[in-house]
Amino acid sequence: MPSTHEHHETFRIFLAQRKWDEAQSLWLDLVEQLPDQTEFLLILTKEVADAGQTDLAAELASLLSPNLKAAGKHNEWLYALKLQAHATPNDRAIRTQLIEAYQQIYQNDPRLKPILAVAQLDHHRTPLPMAITRADTLLALAVGSFCQHKSWGIGRVKSFDTALNRVVVAFPHSPEHPMQLNYAADSLGSLNAEHIE
């Protein structure tokens, strides 16, 4: 039986040659052969999405989601749900599961409730990809983390006030710049500490 590495190489060849049906068939075969390798299957699913086949990636991710949830692999489950959300941006069942996944992952984070409210993940009129981006942006704004604003440059988060629904960022021009979470979600991007800037 071929190794996962060999399967992966074959899968990548199918994607490079745009042989979507063959890639899907191989993926489905691997689900049966490697039922306990959900992370590997999720990597393959991501590669399908990266190849521009978002609908196919969403379909494959939907097959993995229940197993990832049942196994308590909440980060992987959330990622699979995000793949599905891009293909079906108004799906109510996925919306409910996304909220549940965020609650599982960030259950000890006091910022989660106001963040989800600002992201409007529970509002059926807000497209899921937009709500996810807003939630992920705000969740990345932990105290001490770096962020970037298009006009103001690089900043560092000084505080995150859930009572006032605001974040305070130290920018070069303003060392105590308060920003409402709504505005921060739409105007800031997170940076890791190793970013070149």
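**Figure 1. Salt bridge between Glu-39 and Lys-73 in the predicted model.** The side chains of Glu-39 and Lys-73 form a salt bridge with an N to O distance of 3.1 Å. Glu-39 has a relative accessibility of 32% and is classed as partly exposed. Lys-73, at 23%, is partly exposed as well.

**Figure 2. Salt bridge between Lys-46 and Asp-50 within helix H3.** The closest N and O atoms of Lys-46 and Asp-50 lie 2.6 Å apart. Both residues are in helix H3, and because they are 4 residues apart, about one helical turn separates them. Lys-46 is partly exposed, with 35% relative accessible area. Asp-50 counts as exposed, with 55% relative accessibility.

**Figure 3. Salt bridge between Asp-109 and Arg-111.** In this pair, 2.9 Å separates the closest N and O atoms. Asp-109 has a relative accessible area of 19% and is therefore buried, the cut-off being under 20%. Arg-111 is also buried, at 11% relative accessibility.

**Figure 4. Salt-bridge network of Glu-9, Arg-12 and Glu-47.** Across the whole structure, the search finds 9 salt bridges; among them are the pairs Glu-39 with Lys-73, Lys-46 with Asp-50 and Asp-109 with Arg-111.

Note on methods. Residues numbered from 1 in each chain as written. Predicted model: local features only at pLDDT ≥ 70, side-chain atom pairs only at ≥ 80, totals over all residues. Heavy atoms only, no water. Salt bridge = Lys/Arg side-chain N within 4 Å of Asp/Glu carboxyl O. Buried < 20%, exposed > 50% of the residue type's maximum accessible area, 1.4 Å probe, protein only. Helix = DSSP H or I, 4+ residues; strand = E, 2+ residues; numbered from the N terminus.
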